[in-house]
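Work through the exercises below with the sequence and the structure side by side, and try each task before you read its solution.

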Amino acid sequence: MSRVGQKPIEVPSGVEITIEGNTIKAKGSLGELALEFSDQLKVENTDGEIKIEPAGNNKKANALWGLYRALIANMVQGVSKGFEKSLIITGVGYRAEAKGNNLVLNLGYSHPVEMEVPEGLDVQVEKNKITIKGIDKQKVGQFAADIRAKRPPEPYKGKGVAYEGEQIRRKAGKRAIGAGGAGA
């Protein structure tokens with residue numbers, strides 16, 4: 001039995017929820033999202049709460065129960081508050097710049113890396129910080145992961161692109177050999 005799935009989702013004021021067949025739509029001040037859920041689940045919208053229950057007592061329905069509860073909760077939060085991810089660029093000469101619908105990254109390669117910003121996302125660049133905002137949690141997280149993958153932080157000096165607040169495990173590197181040196 002799913003502990004996550006049992007919790008009802010509270011719908012904040014200003015958010016409209018409509019359920020048509022196997023599709024749930026959430027409309028709020030920031031936009032509108034839709035999700036098609038499995039026919040093995042029952043979704044009900046009553047008294048400002050969304051309740052999800054498995055339609056049958058089988059393994060597949062129980063496995064999907066918590067998943068779809070989390071996805072629907074993310075939809076409701078996205079259309080009301082939105083989601084945000086921040087990335088920090090560390091390294092000499094490493095820069096980012098927003099040009100129209102593209103994000104241009106200079107990450108120590110022989111060429112700048114251009115990335116097209118997905119529809120529905122807003123990207124802002126301030127000095128060495130990239131902020132990604134949007135209503136779809138999956139899109140925000142995936143685009144942030146794609147940016148980080150272009151130059152992940154390395155363990156010796158910490159150069160690269162890291163999430164804000166991410167702890168980078170550092171290594172000591174080679175130690176200086178004594179004054180006499182090896183083979184002297």
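Predicted model: local features only at pLDDT ≥ 70, side-chain atom pairs only at ≥ 80, totals over all residues.

**Exercise 1.** Find which residues of helix H3 are buried, and work out how they are arranged around the helix axis.

Solution. Begin with the helix itself: H3 has 14 residues and reaches 21 Å from its first C-alpha to its last, which is close to the 20 Å expected at 1.5 Å a residue. Next, take buried to mean under 20% relative accessible area; by this cut-off Val140, Phe143, Ala144 and Ile147 are buried in H3. Seen down the axis of H3, these buried residues fall within an arc of 100 degrees, so they line one face of the helix. In general, an α-helix has 3.6 residues a turn, so residues three or four places apart point the same way. Finally, look at the face turned away from the buried side, where the exposed residues Gln138 and Ala149 are found.

**Exercise 2.** Identify which helices and strand each supply at least two residues of the lining of the largest pocket, and classify the lining.

Solution. The largest pocket has a volume of about 220 Å³, and its lining includes Leu33, Leu71, Phe83 and Lys137. Strand E4, helix H2 and helix H3 each supply at least two lining residues. The lining divides into 7 nonpolar, 2 polar and 2 charged residues.

**Exercise 3.** Locate Asp47 and decide whether it is buried or exposed.

Solution. Asp47 is in the loop between strands E5 and E6, and has a positive phi of about 50 degrees although it is not a glycine. With a relative accessible area of 79%, Asp47 is exposed.

Definitions and conventions: Residues numbered from 1 in each chain as written. Heavy atoms only, no water. 1 Å grid on protein atoms, 1.4 Å probe; cavity = no way out; pocket = protein on both sides within 12 Å on 5 of 7 lines; lining within 4 Å. Points joined across faces, edges and corners; volume = space filled by probe spheres on them. Helix = DSSP H or I, 4+ residues; strand = E, 2+ residues; numbered from the N terminus. Nonpolar A, V, L, I, M, F, W, Y, C, P; charged D, E, K, R; others polar. Expected span 1.5 Å × (residues − 1). Buried < 20%, exposed > 50% of the residue type's maximum accessible area, 1.4 Å probe, protein only. Arc of directions from axis to C-beta.
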